[in-house]
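Q: Hi! Could you walk me through this one with me?

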Amino acid sequence: MSTGAIIAIIIGVLIVLAVLWFVARAGRDRKLESRRVEAREMRREAEVGSAKADRTRAEADAQAAEARRQEALARERSASADEQHQEARERHIEAARKDPDADPDEAAAEFDQQRATRETADAGDDRTGDDQSVEHYEHTSDSDVDRERRFERDGEGDVVRDETYEEPRTNR
């Protein structure tokens, strides 16, 4: 074999190796680009999921704030009602002091007994189907759901019953 043929074979082998190297590199670059695209899609989906979670958290926080506001309003009304009952009791006692035939202590005891009887009757009277023991009622509407919530507290202020009803809204 001549020197020229050997050089031609070596140059041919080098060209084939260079072509194989470029083809392998291009395949690897395509694979890496494909993985980059997949990673971008996954990041975008994660961002969308995070945004949905943030929105859900914000809605939950708004509902919790509304519930706290309603609870504070219920406590205020309860305190106001207690003050009104106390004022009425004091007026009954004062009237009994002015009445020569009445005893202030008996008037106070009678007022307290009547109030206790009314509260017991209100808490236990469910014969008509109307729930007379409900101390708090709220109705809220979102764009897609109507909500109704009723809850009752005992003498210590603990919630003894809490009912929530949801109904999907229809186009009106």
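**Salt bridges and strands**

A: Happy to. Arg36 and Glu33 sit three residues apart in helix H1 (residues 3-98), so about one helical turn separates them. Helices here are DSSP runs of H or I with at least four residues, strands are E runs of at least two, and both are numbered from the N terminus. This is a predicted model, where local features need pLDDT of at least 70 and side-chain atom pairs count only at pLDDT 80 or more, while totals for chains, interfaces and linings use all residues. Residues are numbered from 1 along each chain as its sequence is written, and side-chain values use heavy atoms, with hydrogens and water left out.

Q: What does Arg36 form with Glu33?

A: A salt bridge, with the closest N and O atoms 3.5 Å apart. The term means a side-chain nitrogen of Lys or Arg within 4 Å of a carboxyl oxygen of Asp or Glu.

Q: And how exposed are Arg36 and Glu33?

A: Arg36 is partly exposed at 45% relative accessibility, and Glu33 is partly exposed at 37%. For the cut-offs, buried is under 20% relative accessible area, exposed is over 50%, and partly exposed lies in between (1.4 Å probe, protein chains only).

Q: Which other residue does Glu33 form a salt bridge with?

A: Arg40, the closest N and O atoms being 3.4 Å apart. Arg40 is partly exposed too, with a relative accessible area of 45%.

Q: What about Arg69, which side chain does it meet in a salt bridge?

A: That of Glu66, at 2.8 Å from N to O. Arg69 and Glu66 are three residues apart in helix H1, so they are separated by about one helical turn.

Q: Switching topic: in what order do the elements run?

A: From the N terminus on, α-α-β-β-β, that is, two helices and three strands.

Q: Is strand S2 enclosed or open, and why?

A: Strand S2 (residues 145-153) is largely enclosed by the rest of the structure, because seven of its nine residues are buried.

Q: How does S2 run relative to strand S3?

A: Antiparallel, with nine bridges joining S2 to S3 (residues 159-168); strands pair if DSSP finds at least two bridges between them. Arg150 has Glu163 in S3 as its bridge partner. The two strands form a hairpin with five residues between them, and Gly157 in the turn has a positive phi of about 90°.
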